[in-house]
Amino acid sequence: MSLTRRQLLASSLAVLAKAAPTRRLSRFDSQAGRLLATLTLEEKVGQMTQPDHKYINNLDDIARLHVGSVLSGGDSDPASGNDWKSWTDLYDRIQSAALTAKPRIPLLYGIDAVHGHNNVIGAVIFPQNIALGCTRDPGLVGRAARVTAEEVRATGIQWAFAPCVAVPQDIRWGRVYEGYSESPDVVEVLGAAAVHGLQGSALDHPLSVAACAKHFVGDGGTSFGTGIRHLLDQGDTRVDEATLRRVHLPGYISAIQAGAVTIMPSYSSWNGVRCSGHRKLLTDILKNELGFEGFLISDYNALDELPGNRKQQVEQSINAGMDMVMVPERYHEFYETLCGLAKSGEVPMTRIDDAVTRILRVKFAMGLMEPNRNLLADRSLHATFGSAEHRAVARECVRKSMVLLKNDKRVLPLARNAARIHIAGKCADDIGNQCGGWTIFWQGASGAVTEGTTILAAMRKASGSSARVTYSRDGNGAAGAAVGVAFIGETPYAEMQGDRMSLDLAAEDVAVVENLKRAGIPVVVVLISGRPLIIESVLERADAVIAAWWPGSEGDGVADVLFGDYKPTGKLSFTWPSRAATSIARSDPGYKTLFPFGYGLSY
Ligand code: GLC
């Protein structure tokens with residue numbers, strides 16, 4: 001029985017109660033105000049400017065434009081490689097450049113650490129949020145976020161563009177896996193837990209990172225056909241205000257209550273108006289009604305999607321309430337444009353001062369402005385980067401996120417000393433496929449992309465000494481084994497590149513299951529994917545089916561469940577559609593359910 005909303009909230013309150021009470025950022029306004037009073041217009045606009053490091057051709061730009069923040073977006077890696085040292089050296093170089101500016105205002109370095117410090121080889125890669133949603137365990141989600149924060153700080157970086165508190169309503173969306181659930185009740189609890197994990201009990205703690213609840217608001221509710229390539233991503237969320245507040249707002253209310261200091265407006269629109277330029281959403285609701293005191297960071301080049309020319313885009317977004325603009329390459333142009341708009345009064349100085357006050361509040365709250373603060377990376381943290389202790393937390397997340405959908409003839413758990421277990425499928429021996437999108441590369445990639453334990457290696461470790469574990473990608477060679485286990489599903493994707501018209505299994509995957517079936521042995525299907533898929537093509541042939549989502553670098557967690565060292569407790573955080581559905585949009589009358597939200601068996 002899945003946790004009820006009351007149980008979820010009770011467990012989350014227990015978690016949140018342990019965290020420090022949310023202290024208002026406005027307690028820093030006197031310090032921020034004194035610094036603000038010393039700044040020129042140009043120095044203020046610089047604080048609102050966020051370039052991507054890969055487009056900063058001359059480090060002098062950072063001081064010259066008084067840059068307040070730098071990011072590494074997807075695929076924006078250090079020139080020397082994706083290892084820990086390269087990232088740490090990059091951060092130190094960028095921050096050192098900022099510290100030469102007068103006045104000396106340390107910059108915030110932001111990165112998409114969305115399931116671990118997932119850009120960096122050797123970092124622990126956690127299951128994606130869709131998996132964490134199936135744990136219904138805010139304490140665990142908080143611990144995972146804390147490990148992520150520690151590994152992010154080990155590279156010096158102090159800001160994660162996480163958690164995503166989207167509430168995806170159509171699983172054909174390429175970002176569905178970044179959401180915890182289709183249910184706002186689950187999202188509000190786990191999103192708050194992630195904020196607490198990232199920011200810790202004190203934002204100025206050297207292991208804490210600033211969180212960023214995203215993408216405000218309704219990014220997961222767009223109508224099919226309104227997005228990029230007439231699909232879903234960055235489309236239009238066509239709902240009335242009551243629905244927007246009921247479904248898509250709770251994650252932000254709880255994130256703000258949990259103390260999230262930044263929020264990222266969405267590329268998408270609400271009833272035809274882009275969130276990045278939506279005054280009612282950004283100022284009236286988020287800042288005035290909900291009392292958000294941190295700052296809003298735009299999405300990557302999101303201002304480009306606003307109507308009009310560059311000047312009009314910047315004017316609309318800043319006057320709507322945007323405080324910092326992620327303008328990876330064209331940061332000179334943004335800086336000049338906003339300075340011009342401020343000088344002409346088209347953007348009032350009061351708006352500029354409000355934005356910079358918000359940014360400075362966060363920097364004071366993080367301790368960056370303390371006179372003797374060490375602002376460069378603490379390289380001693382490398383000692384725990386990717387550590388066994390950190391990996392154990394991820395392994396626990398894997399175990400608790402797996403959802404048992406079918407288990408006829410009690411095929412699971414597997415017998416440890418079975419004579420032979422035959423493993424098959426494209427996701428069995430491929431750490432890239434088990435990590436999914438936003439892993440080392442923006443889109444993720446198949447193959448040995450990072451360190452960790454493949455599922456096949458884990459199965460071999462976990463099987464008894466007398467058992468033989470054989471493997472073939474296509475499932476051939478299984479005859480004579482005690483059981484065949486197919487690890488099939490999806491190869492990695494991210495954002496609009498994951499939008500799909502159909503969620504049918506790949507022919508290769510169906511063939512694997514058929515080959516195992518043809519061997520005349522019991523068949524277990526393990527789905528390694530970013531979302532529920534249409535599985536009736538294998539459901540009848542399989543004696544057991546389990547959803548493992550994109551489990552990340554710790555394949556041992558999958559073996560723990562398959563061999564019964566941990567009995568499955570995961571509960572679906574998304575409704576699982578049936579092939580009979582004429583539409584996979586749950587809101588459509590033709591939708592049919594195969595497994596309901598909250599479903600999950602055990603041994
Ligand atoms: C991306 C994503 C956003 C991410 C940002 C920086 O396009 O929409 O989630 O934080 O750009 O990489």
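This is a predicted model: local features need pLDDT of at least 70, side-chain atom pairs count only at pLDDT 80 or more; totals for chains, interfaces and linings use all residues.

**Entry 1: Glu305 and Arg274**

Which residues does Glu305 touch, not counting residues up to four places away in sequence? I found Tyr267 and Arg274, taking contact as heavy atoms within 4.5 Å. Residues are numbered from 1 along each chain as its sequence is written, and side-chain values use heavy atoms, with hydrogens and water left out.

I placed Glu305 in the loop between β10 (295-296) and α12. Helices here are DSSP runs (H or I, at least four residues), strands likewise (E, at least two), and both are numbered from the N terminus. Glu305 has a relative accessible area of 36%, so I put it down as partly exposed. My cut-offs are buried under 20% relative accessible area, exposed over 50%, and partly exposed in between (1.4 Å probe, protein chains only). I also checked Leu505, which is 200 residues from Glu305 along the chain, and their C-alpha atoms are separated by 34 Å.

Then I turned to Arg274, which is in strand β9 (residues 273-274). Arg274 comes out partly exposed because its relative accessible area is 21%. Beyond the four places on either side in sequence, I see Arg274 in contact with Gln234, Tyr267, Ser268, Ser269, Glu305 and Leu306. A polar atom of the Arg274 side chain lies 3.1 Å from the backbone oxygen of Gln234.

**Entry 2: the ligand**

Tyr267 turned up again when I looked at the ligand: one of its polar side-chain atoms is 3.1 Å from a ligand oxygen atom. I noted 3.1 Å for a polar side-chain atom of Glu495 to a ligand oxygen, and 2.9 Å for one of Lys214. Taken alone, the ligand exposes 310 Å², and the protein buries 96% of that (Shrake-Rupley method, 1.4 Å probe; for residues, only the protein chains shown count as cover).

**Entry 3: two loop residues**

I found Gln169 in the loop between β4 (159-160) and α8 (184-199). Its relative accessibility is 25%, so Gln169 counts as partly exposed. The Gln169 side chain reaches the backbone oxygen of Glu182 at 3.1 Å. Apart from neighbours within four places in sequence, Gln169 has contacts that include Gly220, Gly221, Val247, His248 and Arg586.

Is Thr439 buried or exposed? Buried, because its relative accessible area is 1%. I located Thr439 in the loop between α16 (431-435) and α17 (455-462). Its side chain makes a polar contact with the side chain of His115 at 3.1 Å. A polar contact is a pair of N or O atoms within 3.5 Å; within protein, one must be able to donate a hydrogen and the other to accept it, and residues adjacent in sequence count only if both atoms are side-chain atoms.

**Entry 4: helices**

Next I checked α13 (residues 331-344): its 14 residues should span 20 Å at 1.5 Å a residue, and its end C-alpha atoms are 20 Å apart, which agrees. The expected span is 1.5 Å times one less than the number of residues. I logged the buried residues of α13, among them Tyr331, Phe334, Tyr335 and Leu338. Their cover includes α3 (41-47), α12 (310-320) and α14. Just after α13, Gly345 takes a positive phi of about 85°.

α14 (residues 349-365) is where I found Arg358. At 7% relative accessibility, Arg358 counts as buried. Among the residues Arg358 touches, leaving out those up to four places away in sequence, are Lys287, Glu293 and Asp323.

Last, I looked at α18 (residues 507-518), which has 12 residues and reaches 16 Å between its first and last C-alpha, close to the 16 Å expected. Its buried residues include Asp509, Val510 and Asn515. α18 is followed by Gly520, with a positive phi near 75°.
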